[in-house]
Structure formats: structure tokens, C-alpha cells
Amino acid sequence: MLTQRLQRFQREAGRRALLGVPYAWLVVMTAIPALIILQFSISQLDTVTLTKPWALVEGVLSIRIDFNKYLFLFTDSLYLAAYLSSLKFALLNTALCLFIAYPFAYFMARSPESVRPSLLMAVMLPFWTSFLVRIYSWKGLLATNGVFNNVMMSLGLIHEPIHMLNTPFSLTLGMVYTYLPFMILPLYTTLQKMDGRLLEAALDLGATPWQAFWRITVPLSVNGIVAGSMLVFIPSIGEYVIPELLGGPETLMIGRVLWDEFFGNNDWAMASAVAAVMILLILGPMAIFNKYQRAK
């Protein structure tokens, strides 16, 4: 009896330790930094140092929360424009990635099993190269004297270079190129599991291929669509490198504003408020993503 209790205790302890490690990691690497950012955002700036929003003096606890930075965020046109621009480009990037990735993932899922590993390798091949190298390569391709302009001028398609770099076009192109695999892989995983006999039954019952696609394939792939959309949309909101290297003045995004506040203005309180609002914008899509992940 004692041996059985000891074995049961060991199993429970091992299970709790196994679950406790990732939870501890999330607390240390996610929750604590988020709380620190929240504390900075509601603290008052005293010359060059931040004062804590609470103080214990002679046994009396006083709390002073400064919401002026949040009020300034929602009244200043620069920050509002940066948030709206980030949402616009993130939504555009998500829509374009879905439009391009769905046919590709469908083709991969319906291809012979012997070909699928090669197609998956082609999708993941860009990850073998540094992210910065790939973005810098687009600068060479899209520059005024870059590859695209030189090739088109040599073929006589254009008579003068087209301004493509540092425009919304170059930013969108770079973001779609970077995040497209994150849309393809969840869609492929979902479409691969779909039972092809359902489509055969729909066709036998008189449905056209287009009707079978919209009424069977698309509803069954909703989980993949949501997962891929969230994997693209969430990091696109706070993207900094691509707007910095490929974007221009018309493509101001909140990631660049956040960088300027932290390292340019050294205003950590304002930067923390910007980051806190951005986190709130991301929590909604993350909740949707978790909902559909649990529904699988």
C-alpha cells in the first residue's frame, strides 16, 4: 500500500514538474516583462528617471498612476496614424497571403504523396537564409538602378526607371514574401486531413466543382484559415525591420514609432505606453486563434 502511494506521488510530482516548467518559462519571459512595461507606462518621469507608481512612507501606501501618456496616445495624430497604418498593412498582408497561399496549399494537399516533401521543402527553403539578407536582397531588386528596372529597360518595356523602393508597394511586397510560408503551412496541414470522399459525394449528388469547393472544402479548412491568418496578422502589426528597410515616409508603422521612443527620444514611459496599447491590439486576434486551436 505504501509503495503504491509512493508511486502515485512520484507520478503526480513528475506531471506537475513537467507542466510547471513551461508555465514558469511563460511567467518569466512573458508575464513579468509585460508587467514591467505596464509599470513604466503608468509611472511619472522625474527628469531622467522613472518614479514608481506607488510608495510606502511611514506605513502609509500612496498610489499615483499617470494616465497622461495614454490620453496623449489617443489624441495625438501621429500615434493614431501609426496604429491605423499598422492595422491597414497587417490586414492587407493577411488578405494577400491568404489569397496566394490557399491555391498553393490546396495544390500541395492534392499532389501525390511522393511530391509533397519536395513542395514542403520549397516552402521552407527561404528560412535557410538570414531574414535580414532576404530583405536586403529586395532592396537590390527594387532599387532605381536595381535588377527589375535594368531588366525591363533592357527589354524595352519601360523607358525610365520605376520608383518602387521605399513605397507602400515595396513594403507590402516584402511583408507578403516574408510571411507567406506562415499562411501556407497551416492551410496545408488542414487541407491534407480533409477526406476526399466528401467531394466525390458532393459531385455525385449534382454539385458543381465550384459549389463543392465553397460548401465543403472552405468550411472544413476554416481552422487552417484562422490559424494562418493569426500567424501572419499578429507579427505584422509590430513589424519593424521590413518598414525600416523597404518602407518610406508613407509607410509609418507603430514598430518604428516604438523604436524611436525607446532609443531615439529615450522616453521609456511613452514607449511603454505605445507597447502596452499594441499588446492590447494583439490580444484580440490571439484570443480568436486560441479559440480555434481548442476547437481542433
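The lining of the largest pocket in this predicted model comprises 14 nonpolar residues, one polar residue and no charged residues. The pocket has a volume of about 330 Å³. Of the 15 residues that line the pocket, Y102, Y106, F213, T217 and V218 lie nearest its centre.

Three helices, α3, α8 and α9, each supply at least two residues of this lining. The greatest contribution comes from α9, which gives seven residues.

The helices that take part in the lining, together with two further helices described below, span the following residues.

| Helix | Residues | Note |
|---|---|---|
| α3 | 77-110 | supplies at least two residues of the pocket lining |
| α8 | 196-204 | supplies at least two residues of the pocket lining |
| α9 | 209-220 | supplies at least two residues of the pocket lining |
| α7 | 168-193 | has 26 residues |
| α13 | 268-295 | contains W268 |

Helix α7 reaches 37 Å from its first C-alpha to its last, close to the 38 Å expected at 1.5 Å a residue. Within α7, a kink of about 40° lies at Y179, shortly before the proline P181.

A further point of interest is W268, which lies in helix α13. This residue counts as partly exposed because its relative accessibility is 44%, a value between the limits of 20% for buried and 50% for exposed residues. The C-alpha atom of W268 is separated by 8.9 Å from that of I37, although the two residues are 231 residues apart along the chain.

Technical notes:
Residues are numbered from 1 along each chain as its sequence is written. This is a predicted model: local features need pLDDT of at least 70, side-chain atom pairs count only at pLDDT 80 or more; totals for chains, interfaces and linings use all residues. Side-chain values use heavy atoms; hydrogens and water are left out. Helices (H or I, at least four residues) and strands (E, at least two) are DSSP runs, numbered from the N terminus. The expected span of a helix is 1.5 Å times one less than its number of residues. The bend at a residue is the angle between axes fitted to the seven residues ending there and the seven starting there. Buried means under 20% relative accessible area, exposed over 50%, partly exposed in between (1.4 Å probe, protein chains only). On a 1 Å grid over the protein atoms alone, a cavity is a set of points where a 1.4 Å probe fits but cannot get out, and a pocket is an open set with protein on both sides within 12 Å along at least five of seven lines; lining residues have an atom within 4 Å of a point. Grid points are joined across faces, edges and corners, and a volume is the space filled by probe spheres set on the points. Ala, Val, Leu, Ile, Met, Phe, Trp, Tyr, Cys and Pro count as nonpolar, Asp, Glu, Lys and Arg as charged, and the others, Gly among them, as polar.
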